[in-house]
Amino acid sequence: MNYDSDEALRAPVWDELNQDDTQQTKTNKKDMPETSNLNQGFNLGTDSNITNELSQTFANISTNDNTNITIDKDYTSDQGENEDKLMNMLAPEDNPLAGLERDNDTNFGMSTSSTANINDPLFGMGSGSILSDDALKLTSNGSPTKRANKPHSLFNASTRLRRRKPNYGNLKKTENRSNDKNGKNDTIPNTSEDDPLGKAQKENELVDESLDYENDKKIGTRNDNSKSSLINQMNEPLYHLSPKKNQTVTASRNANVVNTSNQHADSRATSEEPDTFATAAANIVPFSIDVTDPIKVGDLTSAHVEYSVNSASELLDPKQAQVTRRYTDFRWLYRQLQSNHWGKVIPPPPEKQAVGRFKRDFIENRRVQMETMLKRISNDPVLQNDKDFLMFLTSEQFSNDSKLRAHITASGAYNDNNDLSEIHISEVELLGADDAVEVLRNGGLDAEQNKGFMSFSLSSQPKYNEPDQFFLKERERFIILEEQLKQLYKSLEMIDTERNELASSVFEFSKAIESLAKLEVTKKSTDILYAFAQLHNSIRESLERNSLQQSLTLGITLDEYIRTLSSIKAILNQRAKLGYFLVIVENDLNKKKSQFAKTYPDYKPSVQINDERCKNMLMECLILDKRCNVIKEKWLKIADDIKLEIKRQEIDKIEEFRNSMEISLESLIESQKECIELWETFYQNYL
Amino acid sequence: MSSSTPYEDHDPLTDNPFADHSSAVTEPSHIRPPDDNDDDDDDKESTLEHEPVIQEEESNQLAVNGAHSDASQETIPSTGTVAANKNIQQEEQTSSEPVPTVDITKVLPERKDIGIYSLIIKVTGLERTGSISNKRENPTIIFDCSTNIPTFRKRKHKKLRKSIEEFQNLFKFLNNNIPESFIPSIPSTYTNYGINNEEDHDTTINNFQEWFNRICGDPLILRNEELAFFIESDYGTYIPINPSVAPISGLKRKTLKQLAPPFDESLPLAEFRPMVKSIYVNVQNIQEKLLKASKTRRLLVQEENEFGQKFGTLTTNNENESKLYKRYGKIMTAVGDINSIIATMDMATLYDGLEWIVQDSYIVKESLTNRHFIMRDLLQAQQNCKNKQEMTRKLRSRRDANPIKVEDAIRSLKIASTTEQNLTLKLHRVTGNMVIERSEWVNWYEKWLIKSIKMHTLRRIEYERKKLSLLERVRSEVRRADMKGGLSRLGRHTVSKKEDEVSQSTQGDSWTGEVRRHSQQEINTVLHTEFDKSLSIESTHPEGTSADTALNSENKDTNMLDAKSAAHMLGISTYNGR
């Protein structure tokens, strides 16, 4: 995640944007959104350069989206100002600062003046920047307008934090950490607060008690009820959460702190914030799932293993359920979830394997991995409510149900690619059922591309260039990480092998000692030799146990994470695919438009159209445009989702790793102690 | 070993009508009295041929003297070493062939007054010079020696230097010429520590000191003049002066070994050879398995190092995270390195120790084989003697005997019977000595084996403890990565926020109920491993603090020394190989 780039910081100033929004709201709400878009689209449509157009359309989208959404949403009033205020009242978590920030432009100026290098671009109008949108959409699941306010407070808080240089924890080391943290804050202002989802989940975790003191201190020192301090205070909880594991002040923690401090007028507003997180966290309904009893069923040709899945939870229709599923079903579930929730990392199933499917170890391994997958899905607040997931757990006629669902959603859940990261974008999901039917009848969105004679088309294939550097960098990073982890895993396996080799060598050694002992040359030497042999036997056992332990902890963690990386790659691929579709549809749209312009050059939107053919063409253009917008919207949304997810994954991964590192380290220490104990006892008794 | 004639009354001359009778006939030709300074065992072999003839004559003269060997020794002028030899030897022959266990000193006069002659050798140094192979296999031992053995010209020698080659020459000589003794084999000249190593230096010196101690404990060896020649010769020039008797070797030896061993009266020795052979085979087996385990361990080390390295270079977004990974990776690598040290230590302690046992048991086994050969020779000699007797008897009963033939027969009979006598005496000596040396050797074997195991154990413990301290050092960091670590997973808050919770302290180990007090010095060696430098590059405080606390506690400990803890500390083994 590269937040050093200027793109991240080129977020337009919120109030300017807001004013634009409100203006737009006023002006555009009378028109049909589509036509207005169309007009604008027309105005820009003559540009031949696609990427240029893309960026411009994105720029338009930023405002258009706002207009669309503000129009669509009920609770927003026509007036931008009131609308904001109401939003603040009703959904303060997304815009706690709206009321305050408006008055605090000057404050912003002052507070951010010290951090010239970062905040300068803040006030520049990087209008065409994609990331502006991304920054806007970065923060929550809410509307863009709400989000618009976030980035600024982000930067604000970072400066405050930097100045403060809190000393987290009671350890001497923390100086380094806090320095790092602050340094980090400089570079990742964007990431430090967001992810309310992640925050909610981490509410109970990553707690650093000492930080309380600091926060209290911080809050105490800011008894001045100046709004800037209030902003910062409210900002703080949001920004302390960073991927850094030892910056462990969680949102909830600070939220709780904020909760308990009743010093401020808007405490109600702030307290609602943690509540929503709390509720989000509490929304994880407890599930208990296990996968057991692998049974080989079927005859020679269709032999497979069926597992029985037992689950119990409030969310299930009968509170408990027990069904039998096979590996293909698990895979179906994975693909289905992938299709239902774009941009979300789905816990991965085990790999496909054609040969050796019936070996006991393999079956056991698979069973464990599938159980882990189900458990992780059920622990995710979004995924646990997924219809398909619940159906998976409860349905008796699963094969029918699943096939039906796969067909309805066009998710391609069956016969999927073995590579978990290769995804299939469902047209139904993308465009909505009706349009999708239309599209599918034509052979898919990329039908034109694929129709070329002998699979080479007349016009050059539109290539999707990912405009957002973030994704490119992330993709690279993940590729590197995957490579490293795979090697690490291999290395771990080698260690395991060698350790077992050593264990057997030690065993032979102890046998040899025993045979010398049998000679009974002298009593003393015999006793010692027997004890020596016994000692080495015990050492061998401990070695074997140790290696088993290691493979169970670190090995499993690494393996899980490597497969999760596939899932992560999958969501990146989803974005790429969406972008690709977008490019195609825009292409088509442009073609259609130019065609229309050619055929009816003197078309005026206000003039009534009588010509049937003209109407049809217009209709088609409109459809394409709408399609284009839908795709674009999804494409943008997925960007944010992906960023959230990746952040969440980072935290998850760090946690997992740290946990398994700790467990394996502890087990190493324990076995070491055992070893020493054995040797010492031998020494004491016999030497 | 049955002879047709009983030894006690054997008179080789009874059948010789011309001979005088003598009561003392069983004259072991190669026995010297304990206080005869000049003579070598070797001389006996060389004069074996002369013995029978002179023996007869002188035995008559000495018949009256009875058992007092000393008196007669003085009275009879020695005309030369050979003659003196004979005279003195005759004294010893007054004793009839002993029941082996009773009068061993008669058979082995060297063992009588065992403390009279002493040789004290102290090895002071070891030099490795020259080419690589010379450095390894032919270093120079530097030692001092002081003695009161008459074969030596000087009583004290200082800073003697001898190369291993010379040692080997001496050993070969002694091995061939003292069949009664188990000559200790030369220990290995280099250890698995590596020849440029101080530990190797010390171990080799200790080994040679041990060898010298064993040599000096054997009275038969002490009296051998070759030993004196060896010690007093110039550096690099020693070659045995006296001719050496070559034992049966090569193909003949191998074929003879195939035959069943002759009936062995001495039960301990009869059992001993198979046991020694089993020891030889089994210890070699152990060595092999140990080597294999060591090699596997080294492979494991490679993998561990790689794992640690790869772990340390995991890319992360988070600086602290990557720091943690780097540290963890470094610790894993360091653990791997310690494992490789352990592998070396294994070899250097146990393997090398067992090596000497292997060599020695081989020598013992071969000496026992030689004894079997003597037994076989004796049987043949007895057979021969019987034949000759038969012959002479036949001649005696004939009226018309050719006087030349008769003389021949008688002469050959004499030779045969004396040979038989000598062999018998020799066998008795060998058997007697070997029985004594057997128990000595077994004791040495036990002592040496236990010593090797002890060294091995001590080293192992030291390094396993170091491993533990390394692991614990990183444990606190991993735990504190976030507050979800440690006991918090069990729902309890972290008990102690101390950074250096060390489980091995002067109070003993924290994980066991047994009180094992360690001296602060031991704790320090364990806590501060060789890898501290490479590890502390990354870390900040922990090393410093633990070092400080260690020092502080050290001060405290030394201040709190009282009688009880002092006594206890004296009792603690602080030996770590030196």
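Helices and strands here are DSSP runs, a helix having at least four residues and a strand at least two. The model is predicted.

Reader: How many helices and strands does chain A come to?
Author: With runs of that kind as the units, the secondary structure of chain A includes 3 strands. Its helices come to 28.

Reader: Which residues of helix α21 in chain A are buried, and why do they line one face?
Author: Helix α21 covers residues 387-394 of chain A, and its buried residues are A:Asp388, A:Phe389, A:Phe392 and A:Leu393. Residues three or four places apart in an α-helix point the same way, because there are 3.6 residues a turn. Seen down the axis of α21(A), the buried residues line one face because they fall within an arc of 135°.

Reader: What covers the buried residues of α21(A)?
Author: The cover includes two strands of chain A, β2 (304-313) and β3 (320-326). It also includes the helices α19 (327-340), α20 (360-378) and α22 (398-409) of chain A.

Reader: Which are the edge strands of the open sheet in chain B?
Author: This sheet has 3 strands in the order β1-β2-β3, with antiparallel pairing. An edge strand here pairs on one side only. That leaves β1 (119-127) and β3 (156-163) of chain B.

Reader: Over how many bridges do β1(B) and β2 of chain B pair?
Author: Strand β2 holds residues 140-147 of chain B and pairs with β1(B) in the antiparallel sense. The pairing runs over 8 bridges.

Reader: Which helix packs on this sheet?
Author: The helix touches β1 and β2 of chain B. Its direction makes about 160° with that of β1(B). It is α8 (residues 198-216) of chain B.

Terms used. Residues are numbered from 1 along each chain as its sequence is written. Chains are lettered from A and ligands numbered from 1 in the order in which they are written. This is a predicted model: local features need pLDDT of at least 70, side-chain atom pairs count only at pLDDT 80 or more; totals for chains, interfaces and linings use all residues. Two strands pair if DSSP finds at least two bridges between them. Two residues are in contact if their C-beta atoms, placed from the backbone, lie within 7 Å. Axes are lines fitted to C-alpha atoms, for helices over the stretch in contact, and angles run from 0 to 180 degrees between N-to-C directions. A residue is buried if 20 or more other C-beta atoms lie within 10 Å of its own, exposed if 12 or fewer, and partly exposed in between; C-beta atoms are placed from the backbone. The arc is that of the directions from the helix axis to the C-beta atoms.
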